[in-house]
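Here's a quick briefing to keep beside you while you look at the model. Have the sequence and the 3D view open as you read.

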Amino acid sequence: MLGIPTHLAPRVNAWSTVRAFHAAAIGSVVAAAVTLLLYRLAEPDVRVAGAVLALLPMLAMIGVHVQFATWRSAVAFLLTGGVCTWWFTTIVQREVPAGWVTSYLLSLAVIPLVLVGGAGAVASRVVVWSIGGFLVGRLATGIAVLQSGGPPRPLVLAWITLGFVVALVLFTSRNTARSERVQPELLRSAREEHVSAYRAGVEAEAAAILHDTVLNHLGAIALAPDGPMDPQLARTVEADVAMLTGKQWLAPAERSDEPDPAAAGTAFTAMVDEYRAQGLTVTVTGDPGALVRLDPSATTALLRAVGQCLANVRKHAGTDAAEVSVFDDGASCTVMVVDDGRGFDEQETGNDRMGLRGSVRERIGRVGGDVQVWSSPGSGTSVMMTVPYTREDTARADGAGTGGMRSGGLRTSGAASYAVTGESDRGTTR
């Protein structure tokens, strides 16, 4: 009840209660038929076939009412059920002499009328229809008993059922009213939690982008030789300053039913070419075309993480070569960045070092991916980033095809964007 919108909760509660009553009504009819058959086995001379046949139209009308659930089907069920109950009672009064067995059987025939529930989607209507069904059943059994000249039957089980129905409806109505009071608070708490989670994600991405741009630029400037700044580095700094002072990075990546393979390929090639321009020898292997199957936001996160791995190679690995491998296993896209540099022990990395933690692990984690790192001092470093495909990713890629993304045919200038959303996001993948 607490997870249902406030304006729908009462109707859903009443509807579910009525459906449970319908199932119990079917069970009552079946129990009456089984009891008659068992009695027939104990008393072979008793003829109960007519009583069992009297239950069949009632069972059929329960199915009709469950199917249509209108006041007309409810009235038809009560009329048919009343006639069937009279028929059933007449035969049972004549063939079953045991008083307590007769009372039990008659109660089982009346209970479905109590549990009909009408077409009620409101608790009060359920009660009214249940009382009406009980009166119809009591009238039908009373007429049959008078016609047969037998003693009156108390129908204790039917009375108990009616009391249970009324008590249950009143109890659930009270809980519904209570949930209506609590629901706004729950919705407000859920909204605040959602906003907090979204804000935390934005702040984490902002910190990662700041690290990828400003800190990497400072490191590049520190490693650059004396003299004027390299024109390529200067253009990169200017583009990133424009990006940081704008709000494009806050915009969510737009989903497209027809992905543009060239967008992901251009972004990947631009990222690789930039690090090549900075003096890093980057070898690309595998199938970069797998990137097109990812959601644009996942592609952007993956490219930024790969860029940060290449930046770490350039700044910390003590080598000028790295390999980037892209794999597609059908369920996920995996990118590995491998170098044969000095390596490191991740456990000894300080908490203030955000490169691997914030710009790689947390960034990939925000798009549902996973990162594994293999490294030790003197043995190089391998970083494997895996992002699973969603159903939408697979359907989108199947509709558009994945051709045209091989790295050899998509070389573009270093001014291309790293983001695949069509916005200028130059340099934010480092």
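Let's start with a helix pair: Trp-71, Ala-74, Val-75, Leu-78, Gly-82, Thr-85, Trp-86, Thr-89, Thr-90 and Gln-93 in α3 touch Trp-129, Gly-133, Val-136, Gly-137, Ala-140, Thr-141, Ile-143, Ala-144, Val-145, Gln-147 and Ser-148 in α5 (contact means heavy atoms within 4.5 Å). Sorted by class, the residues of this α3–α5 contact are 11 nonpolar, 10 polar and no charged (Ala, Val, Leu, Ile, Met, Phe, Trp, Tyr, Cys and Pro count as nonpolar, Asp, Glu, Lys and Arg as charged, and the others, Gly among them, as polar). Keep in mind that this is a predicted model, where local features need pLDDT of at least 70, side-chain atom pairs count only at pLDDT 80 or more, and totals for chains, interfaces and linings use all residues. Residues are numbered from 1 along each chain as its sequence is written, and side-chain values use heavy atoms, with hydrogens and water left out.

**The whole chain**

- The protein chain has 11 helices and five strands (DSSP runs numbered from the N terminus, with helices being H or I of at least four residues and strands E of at least two).
- Of the 430 residues in the protein chain, 43% are buried (buried means under 20% relative accessible area, exposed over 50%, partly exposed in between, with a 1.4 Å probe and protein chains only).
- Among contacts with a separation of 6 or more, 75% are between residues 24 or more positions apart.

**How α3 and α5 pack**

- The axes of α3 (residues 71–95) and α5 (residues 123–148) come within 8 Å and cross at roughly 30° (axes are lines fitted to C-alpha atoms, for helices over the stretch in contact, and angles run from 0 to 180 degrees between N-to-C directions).
- That makes α3 and α5 roughly parallel to each other (angles under 35 degrees count as roughly parallel, over 145 as roughly antiparallel, 65 to 115 as roughly perpendicular and the rest as oblique).

- Gly-82 sits in helix α3 and counts as buried, at 10% relative accessibility.
- Setting aside neighbours within four places in sequence, Gly-82 is in contact with Leu-113, Val-136 and Ala-140.

**How α9 and α10 pack**

- The axes of α9 (residues 296–317) and α10 (residues 355–366) come within 9 Å and cross at roughly 160°.
- These two helices, α9 and α10, are therefore roughly antiparallel, and α9 passes α10 in a left-handed crossing.
- On the α9 side, the contact uses Ala-301, Leu-302, Arg-304, Ala-305, Gln-308, Cys-309 and Asn-312, and on the α10 side Gly-355, Leu-356, Ser-359, Val-360, Arg-363 and Ile-364.
- By class, the α9–α10 contact has seven nonpolar, four polar and two charged residues.

**Cysteines**

- The structure holds zero disulfides (a disulfide is a pair of cysteine sulfur atoms within 2.5 Å).
- Cys-84 counts as buried at 4% relative accessibility, and Cys-309 counts as buried at 4% too.

**Positive phi in the loops**

- Ala-69 isn't a glycine, yet has a positive phi of about 55°; Ala-69 lies in the loop between α2 (49–68) and α3 and is partly exposed at 40%.
- Leu-155 isn't a glycine either, and has a positive phi of about 55°; Leu-155 is in the loop between α5 and α6 (156–223) and is buried at 0%.

Methods
A crossing is left-handed if the near helix is turned anticlockwise from the far one by less than a right angle, and right-handed if clockwise.
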